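Dear colleague,

Please find below the structure that I am handing over to you. My findings follow directly after it.

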Amino acid sequence: MNTTERRTEPPHTGTARALPALWTGLALTVAATLVPLVDAVTADILTDRLHTVYDGEISGPEIDAGRTVVLGYLTVLGVLAAGCWLWALYAARRGTRLLRPAATVLLALGWCVALADALITEYGETVLPPLFGAAGILPCVAGTVAVLRLRRPGRPRERDRDARGMTGNPRT
């Protein structure tokens, strides 16, 4: 391959097999980011949840401030996560060797944050509504599929040659 040519397809089947999961993860992340924002202008289950958790502990204006902080946190988190998905898609298309270890680390971080968001409690109640927790976990499932597909690529060409009985130097 000429050094000035651009790759138009992933370098091996493991990366190619991961692309649908990477696109799915990006779509689920965008959806998970939009869930609290759509909720804020419609049903507002976040405010109801915060009233349930902090009933008698803090007042209405403090709950409204808390709602704003939670919405800001979830939005920033979603934008950062979408950026990570976009980088992974770019790296997969370019065939970057850093993709596998970086995707594994990002997956571990994503699971930690998603589980913390879904399970963190105060006063015996989860802080975020279950819908928000579930929406945050779904991209991690897609990420798990992507990392597994990256970790189990198709057989390299050398092994294919050996399997067909073409051992040794391919030029002889």
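Glu 125 and Arg 49 form a salt bridge, with their closest N and O atoms 3.2 Å apart; the term stands for a side-chain nitrogen of Lys or Arg within 4 Å of a carboxyl oxygen of Asp or Glu. The pair links distant parts of the chain, since Glu 125 lies in strand β2 and Arg 49 in helix α2, 76 residues apart. Arg 49 counts as buried because its relative accessible area is 17%, whereas Glu 125, at 30%, is partly exposed. Here buried means under 20% relative accessible area, exposed means over 50%, and partly exposed is in between (1.4 Å probe, protein chains only). Helices (H or I, at least four residues) and strands (E, at least two) are DSSP runs, numbered from the N terminus.

By this rule the count of salt bridges comes to 2. The other joins the side chains of Asp 44 and Arg 67, at 3.1 Å from N to O. This pair also links distant parts of the chain: Asp 44 is in the loop between α1 and α2 (45-54), Arg 67 is in helix α3, and 23 residues separate them. Asp 44 and Arg 67 are both buried.

The model is predicted, and local features need pLDDT of at least 70, side-chain atom pairs count only at pLDDT 80 or more, and totals for chains, interfaces and linings use all residues. Residues are numbered from 1 along each chain as its sequence is written, and side-chain values use heavy atoms, with hydrogens and water left out.

Confidence is highest in α4, at a mean of 97, and lowest in helix α6 (residues 157-163), at 47. Where pLDDT is low, the predicted coordinates should not be read in detail.

The overall architecture is as follows. The chain has 6 helices and 2 strands, in the order α-α-α-α-β-β-α-α from the N terminus. Of its 172 residues, 31% are buried. Among contacts (heavy atoms within 4.5 Å) with a separation of 6 or more, 79% are between residues 24 or more positions apart. The accessible surface, from the Shrake-Rupley method with a 1.4 Å probe, comes to about 10,900 Å², and carbon and sulfur atoms account for 62% of this area.

Helix α3 has 35 residues and reaches 51 Å from its first C-alpha to its last, close to the expected 51 Å; the expected span is 1.5 Å times one less than the number of residues. Its buried residues include Ile 63, Arg 67, Leu 74, Gly 78, Trp 85 and Leu 89. After α3 comes Gly 95, which has a positive phi near 75°. Helix α5 (residues 130-151) has 22 residues and spans 32 Å, close to the 32 Å expected. Among the buried residues of α5 are Phe 132, Pro 139, Cys 140, Ala 146 and Leu 150.

Next, the nonpolar cores, each a set of buried Ala, Val, Leu, Ile, Met, Phe, Trp, Tyr and Cys residues joined through side-chain atoms within 4.5 Å. In the largest, which has 17 residues, Leu 22 and Leu 99 touch the most other members. The elements giving two or more residues to this core are α1, α3 (60-94), α4 (99-119) and α5, and α3 gives the most, with 6 residues. Another core lies apart from it and has 11 residues, among them Leu 50, Ile 63, Leu 128 and Phe 132. Beyond four places in sequence, Leu 22 is in contact with Trp 85, Ala 88, Leu 89, Ala 92 and Ala 146.

Two further residues complete the account. Thr 33 sits in helix α1 (residues 13-41) and counts as buried because its relative accessibility is 12%. Not counting residues up to four places away in sequence, Thr 33 touches Leu 74, Thr 75, Gly 78 and Val 79. Pro 129 is in the loop between β2 (125-126) and α5, and counts as buried because its relative accessibility is 5%. Leaving aside neighbours within four places in sequence, Pro 129 is in contact with Ile 45, Leu 46 and Arg 49. Pro 129 and Thr 47 are 82 residues apart in sequence, with their C-alpha atoms 9.5 Å apart in space.

Yours sincerely

Terms used: pLDDT is the predictor's confidence in each residue, from 0 to 100.
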